[in-house]
Amino acid sequence: MSHVRSIPFAYAEGATPALPGGAPWLAALRKDALSRFAESGLPSTRVEQWKYTNLKTFADSPLRAAVETDAKVAVAPDLLPVIDGAYRVVFVNGRHRPDLSDTGPLPAGVELSTVAGTMENDADALKGRLGVVAGPDGRVLVNLNTAFLADGGVLSVAPGTQVEQPIHLVFVATAATEGALAHHPRNLIVIGEGSRATLVESHIATADGIAYWSNPVGEITIEAGARLDHIKVQADSRAATHLSFSKARVAARGRYDSFVMTVGALLSRNEIEVVLDGEEALCHLNGAYLITGRQHADTTTFITHAKPGCTSSEIYKGVLDGKARGVFQGKILVAKDAQKTNGHQLSRAVLLSDGAEVSTKPELEIYADDVKCSHGATTGELDEDSLFYLRARGIPLAEARRLLIRAFVREQIDEIPIDAVREHLDGLMSGWLDQAAQEGALA
């Protein structure tokens, strides 16, 4: 259907499903997802949630669904990100590559597998899990992911299990022999009652000029008293499109901490939904985006306080140069019975050039009367007094600007509890700063 609120998307008509297993429930799920997409099309900027992110150019791009042979291309192991001590599962062009993965002997109580492998061995094993937390209603890109997904990570942590080492899912994109590839990973995560785990999700490319579309979806369940630290790195090629959606459902006294670092993709949108679905549930959504050139990075969040006594906090920071554009849309919904709610959100951005731009839209929708909710947004340049202080002590301008940017972003990184993960993110930030210096952004 084509109207002012939708954009036609030829890819959806030509791609074919690629997930193993002929389970009737899966076929029905795919059929329903395609039907829902056919009714909506891609959202235009007339759709409120997409008013700042235009998909028209993306929709006109020639795309083809990645197939099994695309996953078998050679990938140099030294290109893969390394986090000391982590269990690593690697996907190339959307499919699992066991030869590049290293899960070692997993701790008792931890099951780590893949969507395709699980479906091939037991077609009904994911029935009641796939498409449940991240349902189809109103979510166009989730519907496309459901229709065309081929693989992804499956993590289950048994009740009472403390996983000390990070679990690292790595999604690698490579150049295609013809056309730009489309990948649709689906990650299914369940953290059992009283358990704790750290999940790192990295999206990278083998070269910076590769055009492709990554459309990952995550479904996360955090049971009573459990905690998940979820760190995502979006370091895709700066010619790529990355449109992601994840949803977490958090039970009583559970905790979900998310941190997203965005340095890649020409067009990216990171959409996160959290439902605090039990008393005293907690979530922290934090992130940092460092973009330049004509990159566009959209962060959209939606937190529902469904039960009393829950707490949420969000802090997203951006550093923008060139003609880059950042978007932050954050909504907190407090249900009628969710008394004693605490909800806060903050967006802060630093513009390094006159051509950079940030759009911010915070929202509070409150139906309870005993709440503490707030939101704020600031956008500006690097502090001139701080620059003067550093330069007065003999520090060159470019280095002074670099130090202030590091301090601005490092506040977010320092909240991550695992040293190896913090070091990995710090290295990514240093790499971005090095590249920015080469391109003259810090002069």
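Below are a few stops, each with something to select and a note on what is there.

**Before you click**

You're looking at a predicted model, where local features need pLDDT of at least 70 and side-chain atom pairs count only at pLDDT 80 or more, while totals for chains, interfaces and linings use all residues. Residues are numbered from 1 along each chain as its sequence is written, and side-chain values use heavy atoms, with hydrogens and water left out.

**Stop 1: the sheet**

Start by colouring the strands. Helices (H or I, at least four residues) and strands (E, at least two) are DSSP runs, numbered from the N terminus. Ten strands make an open sheet with mixed pairing, in the order β5-β4-β8-β11-β14-β16-β18-β20-β22-β24. Two strands pair if DSSP finds at least two bridges between them. At the edges sit β5 (95-96) and β24 (371-380), each pairing on one side only.

Now zoom in on β14 and β16 (residues 255-262): these two pair in the parallel sense, over eight bridges. Select V233 and you'll find M261 of β16 opposite.

**Stop 2**

Next, select residues 397-413, which is helix α7. Which strands does α7 lie across? They are β16, β18 (282-291), β20 (311-320) and β22 (341-351), and α7 runs at about 155° to β20. For these angles, axes are lines fitted to C-alpha atoms, for helices over the stretch in contact, and angles run from 0 to 180 degrees between N-to-C directions.

**Stop 3: a covered helix and a histidine**

Select 140-148 for helix α5, where nine of its nine residues are buried. Buried means under 20% relative accessible area, exposed over 50%, and partly exposed in between (1.4 Å probe, protein chains only). Among the buried residues here are N143, N145 and T146, along with F148.

Then jump to H424 in helix α8. Is H424 buried or exposed? H424 is buried, with a relative accessible area of 14%. Leaving aside neighbours within four places in sequence, H424 is in contact (heavy atoms within 4.5 Å) with P81, V82, I83 and S202.

**Stop 4: salt bridges**

How many salt bridges does the structure hold? There are 29, a salt bridge being a side-chain nitrogen of Lys or Arg within 4 Å of a carboxyl oxygen of Asp or Glu.

- Select R64 and D70: their side chains meet at 3.0 Å, N to O. R64 is partly exposed at 22% relative accessibility, while D70 is buried at 8%.
- E439 is partly exposed at 44%, and R238 is partly exposed at 24%.
- Pick E271 and R269, whose closest N and O atoms are 3.4 Å apart. Both residues are buried.
- Finish by selecting R196, R227, D229, R255 and D257, which are linked in a network of salt bridges.
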